[in-house]
Amino acid sequence: MWLAVAKRRGFHRPPTPDAVTSGELRDHLTKPVRTAPLTGEPFDHVRLDAVFPLSYYAQITANLPETRYYGELSHSDAQLPNGRSARRKLELRPAHLRKLPEPQRKIWSAIASAFNAPELEAAYKERFSVALERRFQKPARDLRLHPAGMLLRDLGGYKISIHCDSSRKAITTQYYLPRDASQLHLGTTFHEKRHDGAFVEVKTLQFAPNSGYGFVVVADSWHSVRPMKNEDGERNSLMLIYYADQGWLGESLNRAKRLAQDVRCALARAR
């Protein structure tokens, strides 16, 4: 059904990359955050639909970078028997996007700009104000957060064990980027922890085209992803994380780490 509607609306004819500006993307990304129902079970979260303009979504999926442009994300759940990682990451920062060919660089730079927009951050703060204020003990609007966007590509053998996310994160959001409805089973599962320590699956958010979710990272924001098979293909998504401010020293160290990563990226591109 989704594909039939998309074809009737011209989805099979991707527009040029200039068809949508970063400002229009920002406004389109912000709208579902403000309007999606806030669900409290098993923890505060929103399910996002029609995240990107429909015609532009075709351009996004048609311009996913080749895997060679991604770095390997070191994580125990992602480690394959051959030592390689089943999760690849491409950070949406200028030093990392410069290596992409046109029109990919233009598309992902526009999305990076939209992800960094104060308006989008304000929308998430407002939507999750109760949970944020409960965790940080201050008005949500006064929180200093740092957005970090990245493209992710998960391959066969990848999984995410049940976890809450690092306390450095304030808000976790993910935008699913499948080309069609064949990967619905690869979505993120939310869990509830019982008094005896056992986990109960509450819901799985289908890995549907042009959809996503967001939640506040708290002590009980338990979630996971089931192990992927090789026949599942590539699991492509965008992740936007809002990190809590770590103070002057912590943020200085974070900036130094990012600078070192950018230098390594530039040197690798120069070879």
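Is Ala-50 buried or exposed, or does it lie in between? In this predicted model, Ala-50 is partly exposed, with a relative accessible area of 48%, a value that falls in between because the class of exposed residues begins only over 50% and that of buried residues lies under 20%. Ala-50 is found in the loop between strand E2 and helix H3, which spans residues 54-62, and its phi is near 50°, a positive value in a residue other than glycine.

A positive phi is also found at Gln-137, where the angle is near 60° and the residue is, again, not a glycine. The loop that holds Gln-137 runs between helix H7 (129-136) and strand E5 (145-154), and the side of the classification on which this residue falls is clear, since Gln-137 is exposed, with a relative accessible area of 64%.

From Glu-41 to Pro-42 the bond is cis, with omega near 0°, and Pro-42 itself has its place in the loop between strand E1 (38-39) and strand E2 (45-49).

Technical notes. Residues are numbered from 1 along each chain as its sequence is written. This is a predicted model: local features need pLDDT of at least 70, side-chain atom pairs count only at pLDDT 80 or more; totals for chains, interfaces and linings use all residues. Side-chain values use heavy atoms; hydrogens and water are left out. Helices (H or I, at least four residues) and strands (E, at least two) are DSSP runs, numbered from the N terminus. Buried means under 20% relative accessible area, exposed over 50%, partly exposed in between (1.4 Å probe, protein chains only).
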